[in-house]
Amino acid sequence: MPAQRTENVSPTVFKKTVFEEGFLGNLHKPGENPQIHPRFKDAHLAATGGQVWTRFPPEPNGYLHIGHSKAIFVNFGYAAHHGGKCYLRYDDTNPEKEEARYFESILDMIRWLGFEPWKITYSSDYFQELFELAIELIKRDRAYVCHCSQEEIKVDRGEKRGQPRPCIHRNRPISESLTEFENMKNGKYRPKEANLRMKQDLNDGNPQMWDLTAYRVLETPHHRTGDKWKIYPTYDFTHCLVDSLENISHSLCTTEFIASRQSYEWLCDAVEVYKPRQSEYGRLNLEGTVMSKRKILALVEEGYVSGWDDPRLYTLIALRRRGIPPGAIINFVSTLGVSTATSNIEIVRFEQSIRQYLEGTAPRLLMVLRPLKVTIENLAEDYILMVEKPLHPKVPELGTTTIPFTKHIYIDAEDFRLEDSKDYFRLAPGKTVGLFRAPYPITCTSYKTDPTTGEVTELFCRLENEGPQKKPKAYIQWVAEHEPTGSPVKVDETRIFHRLFKSDKPSSDFRKDIVPNSLEVIKGAMIEVGFWPLANKSMIEARQEAKARTEKVMKNNADMPTASHDTPYATSEQLVGQECVRFQGLRVAYFALDKESRVACLDVSSGLSPAAYTQGDSIILNRIVSLKEDTGKVA
């Protein structure tokens, strides 16, 4: 299971996990998947020791999104639950679309979600074996080289008629196809001039049996093999054979590959190799957003969002930047269960799950989004009272923080009205309210306004510290002005992310569905000075946990790559970012520190005080989620 903190569950309460019931609970046991020869089963079990072996095989042509979190959870989680192993296999068979940043980000996101690959492999590791299997397929008269155009292939495969017909090259001599395949390999043909196609069953009702392409010519150099190969295997040829070569016991994928299961099994049997069992579960879709790489790329390139990690998106790097804890995502996915039905989930349900997770884990700090100055007239200029307050009223182990209470404080402008009413309980002229954790309530006696705009710029209040105390009907948050302790902590930007799309299911013309001004930026918010020690502690703990976890991985798994390899590898830095600094602005929202923030004291190499502002610091906060379902009102 994920290598992160989990809540204690009473051992006296038996609870079936998602891996023991339903779809996953009904999967075959290792070795029960049928084979055409008994020796294949025996060799497989000898290689795996009868363990569950799975794989997560992403194409490195884009960033992972929230839907991939389910695939990661299912593949890594199922193997871990059964004491097995899970590969991270990069399906790098299309050099035209692959970039180094995608390879690195995929490993980062898997580890961030709490999982560790047993081995990191590439489909390109097996290019030679796949080539040899393709030759074997031709020799068995199960594949042929085709020179048809793409349009002719589509017609032959019945895409315009509904019924396939044999390609004119289908029955060419085996020796001819072997020669032509070698010509393809040696660069005789340009892209689309020749393809190797599987000779399947054109009378079958499944289009995945209508002579799929096995190899095509590509001229783009490969990131790992350079220009060694001029031909590259397709997904339909590669996937099942590499599963076989890696002795996968459970090939778990989403239901759009149901039709592919038949060709998957056909190919393994056609070349007579061990045949893994493919099983399909319903994918996870989040309504109200887009997952398509093409659409997200358009949003980025056309300036609707700032990048693939813009917190309004639902890529995993965007959710991480927004501050959503990885444990909250795994919690969310696990509660959905796993079945063959697609999970179409509303954003509000996802956000509610995040709220519930943060409710018991996020420390709480006093915060005012739109500060309004308050001068307490019956306190001396040098008055100061240090107030100790818990970081969470129900989680004492999170500790406490100490903040100053002085003559000059700030409250949120929304907590004051000039006109009072019976259903309004916060501050108004002549009205008394309590201040969270402060010793006494205050009463507004007068106020100052801007002569031009009429806007209230300062309140004058009396501290009700004499005579019998009457409990206030309401309490509001505040922060004090006290330069010696660095109070308040001033926030340069607070970013509020609203929905990017108007509808739950953005149309194909998704640009028309975009909500204008979906990013709201509030400048000048203030937080209590307890932010500094909290931020410092959060980063120290994150670094310690990341280091311990990474060292454990490298110690326990000699097969994991290191810096000396030409592949992404596990590092402590992958698990630590400024988003580790999370808190609830009391009665405001949940926030995290954005990666664009500059907070010098959080840099362990700076040698600076662990809890202080430094000239040049810039604090940028991202709202993770509101305290309750967002109805359009900020926070």
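In which hand, right-handed or left-handed, does H5 pass H8? In this predicted model, H5 passes H8 in a right-handed crossing, and the close-up views described below begin with that helix pair.

**View A. Helices H5 and H8 at their crossing.** Helix H5, which spans residues 127–139, and helix H8, which spans residues 235–245, have axes that come within 11 Å and cross at roughly 110°. That angle makes H5 roughly perpendicular to H8. On the H5 side the residues that meet the other helix are Glu129, Leu130, Leu133, Ala134 and Leu137, and their counterparts in H8 are Phe237, Thr238, Leu241, Val242 and Leu245.

View B. Eight of the 11 residues of H8 are buried, so the helix is largely enclosed by the rest of the structure. The buried residues of H8 are Phe237, Thr238, His239, Cys240, Leu241, Val242, Asp243 and Ser244, and among them Phe237, Thr238, Leu241 and Val242 also take part in the meeting with H5.

**View D. The aromatic pair of phenylalanine 405 and tryptophan 478.** A search of the whole structure finds 28 aromatic pairs. In the pair of phenylalanine 405 and tryptophan 478, the ring centres are 5.3 Å apart and the planes stand at 80°, so the arrangement is edge-to-face. Because phenylalanine 405 lies in strand E16 (residues 400–406) and tryptophan 478 in strand E22 (residues 478–480), the pair ties together parts that are 73 residues apart in sequence. Phenylalanine 405 counts as buried, with a relative accessibility of 0%, and tryptophan 478 likewise counts as buried at 0%.

**View E. The aromatic pair of phenylalanine 583 and phenylalanine 591.** The rings of phenylalanine 583 and phenylalanine 591 have their centres 6.0 Å apart and their planes at 35°, so this pair is tilted. Phenylalanine 583 and phenylalanine 591 are both buried.

**View F. Serine 618 in the loop between strands E28 and E29.** Serine 618 is placed in the loop that connects strand E28 (589–593) with strand E29 (620–626). The residue has a relative accessible area of 11% and is therefore buried. When neighbours within four places in sequence are left aside, serine 618 is in contact with Asp492, Ser597, Arg598 and Val599.

**View G. Serine 446 in strand E19.** Strand E19, which covers residues 442–449, holds serine 446. With a relative accessible area of 31%, serine 446 is partly exposed. Not counting residues up to four places away in sequence, serine 446 touches Leu459 and Phe460. From C-alpha to C-alpha, serine 446 and tyrosine 475 are 19 Å apart in space, and they are 29 residues apart in sequence.

Key
Residues are numbered from 1 along each chain as its sequence is written. This is a predicted model: local features need pLDDT of at least 70, side-chain atom pairs count only at pLDDT 80 or more; totals for chains, interfaces and linings use all residues. Side-chain values use heavy atoms; hydrogens and water are left out. Rings of Phe, Tyr and Trp (its six-membered ring) pair if their centres lie within 6.5 Å; planes under 30 degrees apart count as stacked, over 60 as edge-to-face and the rest as tilted. Helices (H or I, at least four residues) and strands (E, at least two) are DSSP runs, numbered from the N terminus. Buried means under 20% relative accessible area, exposed over 50%, partly exposed in between (1.4 Å probe, protein chains only). Axes are lines fitted to C-alpha atoms, for helices over the stretch in contact, and angles run from 0 to 180 degrees between N-to-C directions. Angles under 35 degrees count as roughly parallel, over 145 as roughly antiparallel, 65 to 115 as roughly perpendicular and the rest as oblique. A crossing is left-handed if the near helix is turned anticlockwise from the far one by less than a right angle, and right-handed if clockwise. Contact means heavy atoms within 4.5 Å.
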